[in-house]
Amino acid sequence: MDVRAREALTRGNTARDAGRHQEAAEHFAVFCRLKPERTDIQLQLGNMWLETARFEEAALIYRHVLAQTPTFDAWLQLGRALLGLGLVEQAVAALQEAWRLKPGDPAVRAAVIAVGAGALLREDGADPSHAFETWRLGARLKDLQDRLSELDSGPVGQRSDYDAYRHRLVAPEPPRSGPWPPLEVLIDAVGASPYALQETLQSVREQVPEPLAIHLFADDALRTHPVATLAASTPRLSFAPPVLNAATSEAHALLCVGAGVVLEAGAVGWLVHAMRDGVEVVYADADRSVIDQQGRVAHFDPRFWPCADPLDMETSPTAPDLLLVRGGAATDLVTRLVQGLDGGEARRGVALAALKDGRAVNVPLLLSSVRGLPIGADQARPDEPVRTPPARGDGRVGKGRGRIRVIIPTRDHGRMTRTAVEALLGRARERARLSIVVIDNGSTSSDTLDELRALAELGVEVKRIDEPFNWGRLNNLAVEGVDDGRLIFANDDTEMLTPGWDELILDVLSKPGVGAAGVRLLYPDHTLQHAGVLLGFGATEVLHEGLRAPAEASGPDGRWKRTRCAAAVTGAFLATTSRVFHDLGGFNTRDFAIGYSDIDFCLRVRSAGGLVAYVGEVEAIHHESKTRGLNHTLSRAAFDQSELLAFRRLWDGAVSDDPSLNPHIARTDAHLESLRPVNIDMVERHLERVASSSPWRPRASI
């Protein structure tokens, strides 16, 4: 072997063993170009692409290997890569080839059972081809039924081509159930242009039911503009706020919109339909639009609201463009506007208060659009100043207080653990509030033992637990008897980046209902690794949101860089309170030794009526998989598959239920780029959920 090939192979092996998969792949690729006959290293190259979720490259390598030597390992790994791509039928075919070469293999069995094709595996030597064709026909029929269900309400689109998607979209007609309540409209036009007011008035006049009165909240610039003559020519229109008392605020519905908001046909009908018992605030999805010089409306910047989420409402870069309110919420909204609060912030404040009390619902339909000045007109000098809303800040109030106990399990990763501890202490606002416990799970390396002794001298508590690795059990043992304060479970391969991270975590955990929280995690190359956990994606149903996005990417509506609710968060950095943790019985060590106990814990938090927060303002680097090694062996991979099956058995339908996503978002990619139409059944299911007492409770509980 020549020197260059030997050097590439050595570096690739070193990088692989250290968990630097991208680097290992680059070195293995050099070796394979120099030694194309070495299919064993080609297989290693494919494995590195598989570890970094680059499934297309992995599948290409495995197919190349199979063309030369059709081995069991190559068929098995090809099946896994195809599952990562969502190509279930092709994946099962590849796994079936692996089964033919090694009948009874547990890794193949687990992978095939996980996608519902276990009946295809025969150990009696019988030809399973007929069973496979039957399964494939059934899978195609189910896929066709699912696609037809989605196509009933229109085409699928992409955010990058949102305008085309929007123009093809046809919203379902609102149901009519019972008499319409008396409706009044309040248009907040303070600081708005006459054009914006005119656009909103025109769309309001076309709504059904017709409003009893239209109130304009405007400044002197509009009152003296010719647009004010509309008040004289339009019945029921006045420059006066509505007069509400206990009787009218409860019996009447008040629609508050900002000037420039154009209502879609049927918007009021849908908002009224969603106003059910116990609900005082209704809002809906929206976007932005302009009219070009040919008179065509161009749509952009959609805002798809998630399930009832007070954290998302608090940190959202935009406020609801319209609210339908009644009762105390109506009185509160009018009071805020009369006191001079910015209209958007007034609507946000009322919606936020109602979300915290379970009195708000959102309609997952695009019912309005904020209309900008026509293209061409926006080049002219403005004829009046436009009010700028107050700065949002980071959406937080006050600073959290209290102590934090950080638990870090490790084994023979002394230097890495020290880096994790030093980063946590060095970037904390108050180091004294941190109590760090390192769980030494049987380290034997002298370097690690030296590092742990040095940490102990710095005041870090080091507890020795010599037993087989079980992530949940190690953490449970570390917090036995701890009955106050906050807990953070962190991997030894994490490195905190955010100054003042402790204040941010304490603040989130102090918010009503929040039972667990996670943070934004980056790979060492600073691409995004975790912006919350998505459920209902891919073959495993579990996917890190934003996976492999550039570090600067903020995601749809900035959701990757701000605080909001999530279906779950990873245990690589998981915060909770000791009370919540002990009330739930800690991590599930009966069913999970390595994986899924973090997701299981989050689902149990939600099942108990709590919220799981993703804190995008806190960032850390995570050298993923270093803590316990990689799944290079078939036995480890099979064990992971068995834990996935246990997770599915425990949670059933909840593994594909993600309330953090608006129904418009298709469950296809980690970056949430794909959009789908929403039919009336989807809207009704969403409304039923958000109006319930615990909208974030998993649909199927243990």
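The backbone nitrogen of Val-580 lies 3.1 Å from a polar atom in the side chain of Thr-577; a polar contact is a pair of N or O atoms within 3.5 Å, where within protein one must be able to donate a hydrogen and the other to accept it, and residues adjacent in sequence count only if both atoms are side-chain atoms. The model is predicted: local features need pLDDT of at least 70, side-chain atom pairs count only at pLDDT 80 or more, and totals for chains, interfaces and linings use all residues. Residues are numbered from 1 along each chain as its sequence is written, and side-chain values use heavy atoms, with hydrogens and water left out.

**Thr-577 in β21**

- Thr-577 belongs to strand β21, residues 573–577; helices (H or I, at least four residues) and strands (E, at least two) are DSSP runs, numbered from the N terminus.
- Thr-577 counts as buried at 14% relative accessibility, where buried means under 20% relative accessible area, exposed over 50% and partly exposed in between (1.4 Å probe, protein chains only).
- With neighbours within four places in sequence set aside, Thr-577 is in contact with Gly-485, Arg-486, Leu-487 and Gly-515; contact means heavy atoms within 4.5 Å.

**The protein as a whole**

- The secondary structure comes to 25 helices and 23 strands.
- Of the 702 residues of the protein, 56% count as buried.
- Among contacts between residues at least 6 apart in sequence, 76% join residues at least 24 apart.

- Asp-440 is in strand β12, which spans residues 434–440, and is buried with a relative accessible area of 3%.
- The side chains of Asp-440 and Ser-443 make a polar contact at 2.6 Å.
- Leaving aside neighbours within four places in sequence, Asp-440 is in contact with Thr-410, Leu-449, Leu-452, Val-462, Lys-463, Arg-464 and Ile-465.
- Leu-452 lies in helix α19, residues 446–457, and has a relative accessible area of 5%, which is buried.
- Twelve residues separate Leu-452 and Asp-440 along the chain, and their C-alpha atoms are 8.3 Å apart.
- Not counting residues up to four places away in sequence, Leu-452 touches Val-438, Asp-440, Ser-443 and Val-462.

**Leu-522 in β16**

- Strand β16 (residues 514–522) holds Leu-522, a buried residue with a relative accessible area of 2%.
- The C-alpha atoms of Leu-522 and Glu-619 are separated by 7.3 Å, although the two residues are 97 residues apart along the chain.
- Leu-522 touches Leu-497, Thr-527, Leu-528, Gln-529, Glu-619, Ala-620, Ile-621 and His-622, with residues up to four places away in sequence not counted.

**Helix packing: α5 with α6**

- Two packed helices are described by the angle between their axes and the distance between the axes.
- Helix α5 (residues 72–84) and helix α6 (residues 88–101) have axes that come within 8 Å and cross at roughly 160 degrees; axes are lines fitted to C-alpha atoms, for helices over the stretch in contact, and angles run from 0 to 180 degrees between N-to-C directions.
- That makes α5 roughly antiparallel to α6; angles under 35 degrees count as roughly parallel, over 145 as roughly antiparallel, 65 to 115 as roughly perpendicular and the rest as oblique.
- On the α5 side, the contact is made by Phe-72, Trp-75, Leu-76, Leu-78, Gly-79, Leu-82 and Leu-83, and on the α6 side by Val-88, Gln-90, Ala-91, Ala-94, Leu-95, Glu-97, Ala-98 and Leu-101.
- By class, the contact of α5 with α6 has twelve nonpolar, two polar and one charged residues; Ala, Val, Leu, Ile, Met, Phe, Trp, Tyr, Cys and Pro count as nonpolar, Asp, Glu, Lys and Arg as charged, and the others, Gly among them, as polar.

**Helix packing: α3 with α5**

- Helix α3 (residues 39–51) packs with α5 at an angle of about 20 degrees, with the axes 11 Å apart.
- The two helices α3 and α5 are therefore roughly parallel to each other.
- Leu-43, Asn-47 and Leu-50 of α3 make the contact with Asp-73, Ala-74, Gln-77, Arg-80 and Ala-81 of α5.
- This contact of α3 with α5 has four nonpolar, two polar and two charged residues by class.

**Helix α23**

- Helix α23 (residues 597–607) is largely enclosed by the rest of the structure, because eleven of its eleven residues are buried.
- Among the buried residues of α23 are Asp-598, Asp-600, Arg-604 and Arg-606.
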